[in-house]
Amino acid sequence: MENQWWKKAVFYEIYVPSFCDGNGDGIGDFIGITSKLDYLKELGIDGIWLTPFYRSPKVDNGYDISDYYAIDEDYGTMEDFERFLLEAHKRDIKVIADLVLNHTSSEHPWFQQSKSAKNSPKRDWYIWKDPVDSRPPNNWESFFGGSAWEYDDKTGQYYYHAFAKSQVDLNWKNEEVKQAMFSVMEFWLQKGVDGFRLDVINFLKTSDDFPDNPIDEKGKQNHVYDKDQEGILKTIEQICTNVRNKPGKFLVGEVGSEELHILKKYCGGSLLDVVFNFNLGSKKELDSKQFFSELKKMDEEYENDQIPTLFFSSHDMPRHISRFGKGTADQEKIAKLIAVLLMTAKGVPFIYYGDEIGMIDLHFDNVKNMRDVQGLTAYELAKEAGKGEEEAIRIANEEGRDKSRSPMQWDDSIYAGFSDVKPWLPVSSPSVNVKRQKGDPKSLFSHYQNLIRLRKQFPALYDGRYRLLEEKDRVIYYIREKDGEQILVVLNFNDKPIAFPMKDFASKTSTVLYPENKYEIENEPTINLKPYESVVIRL
Ligand code: TEU
Ligand code: CA
């Protein structure tokens, strides 16, 4: 299991510019992150996923890389990074690096060369097409809005970009591109990173003949031919094989799909270790039936060596406390419920920074404070479509991803202890912070800490199968089992109390692991769960 350390691990996503500013410029950096490693150790996590930290003009905050071999100046120096890695490893914390293989920044020298002339040796490194009737070669839309094709005056061709026009898609059919990226991976593996989170990895191959994407009844484009194309698995397999030449390296893929039958194609065996299960993680409502149905599918449709991931927030989506809690008085209870699910259901959990203290989403009254390219593009497109300011801001808030990227809240000081100066994004909810919650046994932080500890203590929780998995009256319950050890988890998704029939499961020898000292199983035929409450019981 040594090489498969990740099967037991709890991961923690750090959005690099937002975790801790160590040099007082309002932007998070490696000095800052290193200073918080003891905090992460105390929380109990085993692995960090760092969002891109390579040199970048940061149009998309680092998902537009201009030098794969350098640390972005805003985040520090190579020495800062090496020290961070060393200190993380000293604490037995693994580090995985987010790598963007699908596209580079338009400022990358490869693209600069590619666009310099049609006969440039790097021309074929990107995807260039002639205009069709003086228009883009097809109807493909960028995921940030607008056409996915940008015209280059000098050479009279369009280049393809699935995301911003400054994020230019590489041509993975070109062998040199592949080799160049293998070298990049080799470099970071040599530095000692423990694996990669591979960005939009199902985008590496588009259809060879570039047909128009279909448009649905609502006029929305269905992204059919620009991802998940024939042959993609072979490329991914090569990437994986290459990385696995070094033992103990972990690969998690971001496969942009909410369909389990698509996600499942990409993981297990010689492919990615795991992929993000957006089928569960992106759910917009706290609906026990939907949650249950995805958990069930993840159990039944995955093959033996396929393992799901569990997450409910990321830098691309609203935080789950805001999504499910919607600012109500119950939101913290809901966050606690989700935490129990994260740490006890089957799968590799990923905590998004700040979720462990219940940071809420940021809202913008003025577009000037927004930084996210997706939000800003949505705003511009709304304006172009003739929408008024108020409506444009509403749309920008809806589409924008800055909402979950606000600075980590460490204490009660003016910028929440993130920085001494005004941070690059405003703080969202200063009274919610680490300082207040650490040591308070009732806090969300302590709740996470206890659950992580519990998960490590009982192999059934990180390595067990489901002996049972059910949903009834908005209660999800399951039994995880490993080598005879059985753990029952009951999650009340109701905003009201509910009686759960314990007698069917627990016996005299059962012990309540969570909440502590609460229920006396022995004498209780049913237990009364409070709104959104959960129990974890060793049977
Ligand atoms: O995300 C890809 C992705 O699927 C989302 O960006 C999604 O398409 C978008 O948010 C629409 O809602 C990855 C990164 O996680 C994201 O931050 C990057 O912007 C993107 O790739 C491009 O590199
Ligand atoms: Ca800084």
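**From one glutamate outward**

Glu391 has 13 C-beta neighbours inside 10 Å, so Glu391 counts as partly exposed. A buried residue would need 20 or more such neighbours, and an exposed one 12 or fewer. The model is a predicted one.

Glu391 sits in helix H13, which runs over residues 389-399. Look back along the chain to Tyr379. Glu391 and Tyr379 are 12 residues apart in sequence, and 9.0 Å separates their C-alpha atoms.

Now take H13 as a whole. Which of its residues are buried? They are Ala392, Ile393, Ala396 and Asn397. Viewed down the axis of H13, these buried residues fall within an arc of 135°, so they line one face of the helix. The other side of H13 carries Glu390 and Glu398, both exposed. The spacing follows from helix geometry. An α-helix has 3.6 residues a turn, so residues three or four places apart point the same way.

H6 covers residues 232-244, 13 residues in total. From first C-alpha to last, H6 reaches 18 Å, close to the 18 Å expected at 1.5 Å a residue. Its buried residues are Ile232, Ile236, Ile239, Cys240 and Val243. They cover an arc of only 95° around the axis, which puts them on the same side of H6. The face turned away from that buried side holds Lys234 and Thr241, which are exposed.

Step back to the domains. The assignment gives four entries. Domain 1 is written in three segments, 2-102, 175-361 and 409-451. Domain 2 spans 109-169, domain 3 spans 363-404, and domain 4 spans 463-538. The centres of domain 3 and domain 4, taken over C-alpha atoms, are 44 Å apart.

A database record draws another boundary. In an unreviewed entry, UniProt lists residues 13-405 as "domain: Glycosyl hydrolase family 13 catalytic".

Key
Residues numbered from 1 in each chain as written. Chains lettered and ligands numbered in written order. Predicted model: local features only at pLDDT ≥ 70, side-chain atom pairs only at ≥ 80, totals over all residues. Domains from an automatic or database assignment. UniProt positions renumbered as here; feature names shortened; annotations may be inferred. Helix = DSSP H or I, 4+ residues; strand = E, 2+ residues; numbered from the N terminus. Expected span 1.5 Å × (residues − 1). Arc of directions from axis to C-beta.
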